[in-house]
Amino acid sequence: MRTLYLFLDDLRCDDNPGLASALAEGPVLPLYIRDLEADDRPHGAAAWYLHQALQALGDNLRRRDLTLHLRQGDTLATLRELIVDNHIDALFCARGYNPTARSRQQAIAALCKELGIAFRRFAGTLLYEPDSIENKSGEYFKVFTPFYKHCRQHSVRNPCTLPKEHAGVIRPKTAGLKLRDFNLLPHQPNWAKAFRDYWFTGERAVHTHLHSLMRDVVPAYAQQRDQLAASGTSFLSPLLRFGVLSPAQVWHEVSAQCAPDDAEPFLRQLVWREFQYHLLYHRQDLLTANFKSNFDAFPWREDKHALRRWQQGQTGYPVVDAAMRQLWHSGWMHNRARMIVASFLCKHLLLHWKHGADWFMDTLVDADLANNTLGWQWTAGSGADAAPYFRIFNPVTQAERFDPQGEYIHRWVPELRQLKPPHLFAPWDAPAEALSNAGIQLGEHYPHPLVDHRAARQRALDAYDDIKGASPQ
Ligand SMILES: Cc1cc2nc3c(=O)[nH]c(=O)nc-3n(C[C@H](O)[C@H](O)[C@H](O)COP(=O)(O)OP(=O)(O)OC[C@H]3O[C@@H](n4cnc5c(N)ncnc54)[C@H](O)[C@@H]3O)c2cc1C
C-alpha cells in the first residue's frame with residue numbers, strides 16, 4: 001500500500017504511531033503543508049520554532065532514508081494533487097483537536113472517500129483521547145481534580161518505534177519547496193536572534209535534555225517550579241506543542257526513572273495540558289466565548305496605551321516587566337509569571353483576556369490554542385475551575401515570594417540592577433536615597449507604576465460585583 005503521511009502537530013519519528021503504521025504497510029510519502037489560510041497555523045515566535053522543528057524532522061527522516069516533502073498552499077488542493085499524481089492508496093495523520101483541525105480532518109476524510117482511498121487518524125498528541133474521558137454523568141469534566149483522578153486510573157499507551165526496515169520513500173512527481181521558502185524566520189528586524197540560546201529540536205539534544213530533566217529537574221520540581229529565577233521547570237512546552245516529543249514518551253520516561261513522589265507533581269502538570277485540550281474539544285466555542293457566561297457582561301476597558309505598556313514590559317511593576325521582557329527576548333515565560341502578567345492585564349488594567357491571549361499567541365514559541373486560551377480564561381476568572389475572581393495577585397508580594405533575591409527581575413530589567421530587595425519590588429515606595437544610590441530616577445530610567453495597586457484592585461472588585469449576580473452557566 002502506498003501511503004501519504006501528513007505531518008501536523010506531531011513533528012517526530014520516535015513514538016509516532018501513524019508514521020510507524022504507514023511504514024509497516026509499504027512505501028510512504030512524508031508531507032508537511034504550510035496552509036496560509038488555516039486559522040490554527042503558527043505565527044510569530046511559534047513560526048520560528050516550527051522552522052526549527054521541521055528542520056530537525058527533515059534530518060531525522062533523512063537518517064531513516066526518508067525525505068520530507070514540503071508544500072505551501074491549500075491543504076485539500078495539495079492533497080488531491082499528490083494523491084492523484086502519485087497513485088496513493090491511503091492517507092494517515094495524527095488526530096487534531098482544535099476547531100480548525102477537526103473541520104480540516106473531516107474535509108480530508110471526505111476527500112479520501114471521494115478519491116476512493118483509505119483514511120486513518122492516529123492518537124499520539126495527547127495522553128488520553130478527549131472523547132474517551134467522561135464523568136459519572138456521561139459528560140465532559142469541568143473541574144480539574146476529578147479529571148486528574150479519573151485519568152490516573154487509566155494507563156498511558158506505551159511509546160512505539162518505527163519499523164527498522166521499510167519499503168522506502170515515494171518521491172512525488174512535483175518538486176517540493178525548501179524549508180526557507182516557508183519564510184518562517186523573521187528578518188529586518190530579526191526579533192528572534194536570541195531564541196537560539198534557549199531552544200533546540202535536534203533528536204540528540206532532545207534526548208540529552210530529557211535525561212537531565214530526570215536527574216535535575218523532576219526530583220526538585222515541587223520545590224522549585226514556582227521560583228522565577230530557577231531553572232526549575234522542564235522547558236518542554238514547545239516540544240510538546242509541536243510534537244517533537246510525545247507526552248507519552250515524557251510520561252513513561254518520568255514514571256520509569258523518577259521516584260513516585262517526585263514524579264507525581266510533574267505528571268500532574270502534564271494532565272493540566274490534557275484538561276485544557278479536553279475542555280476545548282468539548283466546548284469548541286471557548287476560543288472566543290467565556291466558559292462562565294456571566295463574564296459576557298464584564299465591564300472590560302479599552303486602553304491601547306496601557307496594553308502597549310504591558311506588551312513592552314513598561315508597567316512600572318518590576319516583576320510584570322521582567323516577565324514581559326523575558327517573553328519578548330526568549331519566546332517563553334515562566335508559568336508563575338504567566339499567571340502574574342495575565343492577572344495584571346485582566347484585573348489591574350481591566351483589559352479583556354483576549355488581548356493578552358492574542359499577544360501570547362504571537363510571542364510564545366509554545367503558543368498553543370488550548371493551553372493559551374484556557375490559561376487566560378483561568379487567570380481572568382472566566383474559565384473552568386478558575387481561581388476565584390477576588391483573588392487578585394499582588395505583583396509586589398508575588399515578587400517577594402517567588403523572586404526573593406530579585407535575580408529574575410535583575411536579569412530581565414537591567415536598569416534596576418543596582419536596586420536591591422525589598423525596594424526592587426516596589427520602586428515607587430523606595431526611599432529617595434535608595435533610588436539615587438541605584439542611579440534611578442523614576443519616570444526617567446524606569447516608569448512610574450501604570451496603576452496604583454490598591455485602587456486597581458478595588459476597581460476590579462467593583463467590576464466583578466457588577467456581574468456576580470448574573471448566573472454563570
Ligand atoms: C495565561 C497562560 C497562558 C499559557 N499559554 C500556554 C501556551 O500557549 N502553551 C503552553 O504549552 N502552555 C501555556 N500555558 C501553561 C504553562 O504556563 C506552560 O505550559 C509552562 O509554563 C511551560 O513551561 P514548562 O514546559 O517548563 O512547564 P513544566 O512546569 O515543566 O510542565 C511540563 C509540561 O506540563 C504542561 N503544563 C504545565 N503547566 C501547565 C498549565 N498550567 N496548563 C497547561 N499545561 C501545563 C506543559 O505542556 C509543560 O510543558 C499558559 C499558562 C497561562 C497561565
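Partly exposed means a relative accessible area between the buried range, under 20%, and the exposed range, over 50%. Keep that scale in hand for this tour of a predicted model.

**Stop 1: Asp131 and Arg95**

Select Asp131. Its relative accessible area is 41%, so Asp131 is partly exposed. At 14%, Arg95 counts as buried. The two form a salt bridge, with the closest N and O atoms 3.0 Å apart. Asp131 sits in the loop between β5 (118–122) and α5 (144–152), and Arg95 in the loop between β4 (90–94) and α4 (99–115), so the pair ties together parts that are 36 residues apart in sequence.

**Stop 2: the sheet**

Show the strands next. What is the order of the strands in the open sheet? Trace β3-β2-β1-β4-β5, which makes 5 strands with parallel pairing. The edges are β3 and β5, and each of them pairs on one side only. Look along the sheet for its twist, which averages 25 degrees from one strand to the next.

Begin with the pair β2 and β3. Strand β2 covers residues 28–34, runs parallel to β3 and is joined to it by 4 bridges. Select Arg34 and look across to β3, where Gln72 stands opposite. Then bring in helix α4. This helix packs on the sheet and touches β1 (3–6), β4 and β5. The direction of α4 makes about 155 degrees with that of β5.

Move to β4 and β5. These two strands pair in the parallel sense over 5 bridges. Select Cys93 and find Arg121 opposite it in β5. Now color β4, α4 and β5 together. They make a right-handed β-α-β unit.

While you are here, think about side chains. In a regular strand they alternate between the two faces of the sheet.

**Stop 3: the cysteines**

How far is the sulfur of Cys112 from the closest cysteine sulfur? The distance is 8.4 Å, to Cys93, which is too far for a bond. A disulfide is a covalent bond between the sulfur atoms of two cysteines. The cut-off for counting one here is 2.5 Å between the sulfur atoms. By this rule the structure has 0 disulfides.

Is Cys112 buried or exposed? Cys112 is buried, with a relative accessible area of 1%. Select Cys151 as well. Cys151 is buried too, at 0%.

**Stop 4: Glu203 and Arg64**

Select Glu203 and Arg64. Their side chains meet in a salt bridge, 3.2 Å from N to O. Glu203 lies in helix α6 (residues 203–217), while Arg64 lies in the loop between α2 (44–63) and β3 (69–72), so this contact ties together parts that are 139 residues apart in sequence. Check the surface around each. Glu203 is buried at 18% relative accessible area. Arg64 is partly exposed at 23%.

**Stop 5: Glu264 and Arg152**

Go to Glu264 and Arg152. Here too the side chains meet in a salt bridge, at 2.7 Å from N to O. Glu264 is in helix α10 (residues 260–282) and Arg152 is in helix α5, so follow the chain between them: the pair links distant parts, 112 residues apart. Glu264 is partly exposed, with a relative accessibility of 31%. Arg152 is partly exposed as well, at 33%.

How many salt bridges does a search of the whole structure find? The total is 21.

**Stop 6: helix α9**

Select residues 247–257, which make up helix α9. Which of its residues are buried? They are Pro247, Ala248, Gln249, Val250, Trp251 and Val254. Show what surrounds them. These buried residues pack against α5, α6, α8 (237–241) and α10.

**Stop 7: Gln441**

Finish at Gln441. Look in the loop between α18 (432–437) and α19 (453–468). Gln441 is partly exposed, at 46% relative accessibility.

Notes. Residues are numbered from 1 along each chain as its sequence is written. This is a predicted model: local features need pLDDT of at least 70, side-chain atom pairs count only at pLDDT 80 or more; totals for chains, interfaces and linings use all residues. Side-chain values use heavy atoms; hydrogens and water are left out. A salt bridge is a side-chain nitrogen of Lys or Arg within 4 Å of a carboxyl oxygen of Asp or Glu. Buried means under 20% relative accessible area, exposed over 50%, partly exposed in between (1.4 Å probe, protein chains only). Two strands pair if DSSP finds at least two bridges between them. Axes are lines fitted to C-alpha atoms, for helices over the stretch in contact, and angles run from 0 to 180 degrees between N-to-C directions. Contact means heavy atoms within 4.5 Å. A crossover is right-handed if, with the strands pointing away from the viewer, the path from the first strand over the helix to the second runs clockwise.
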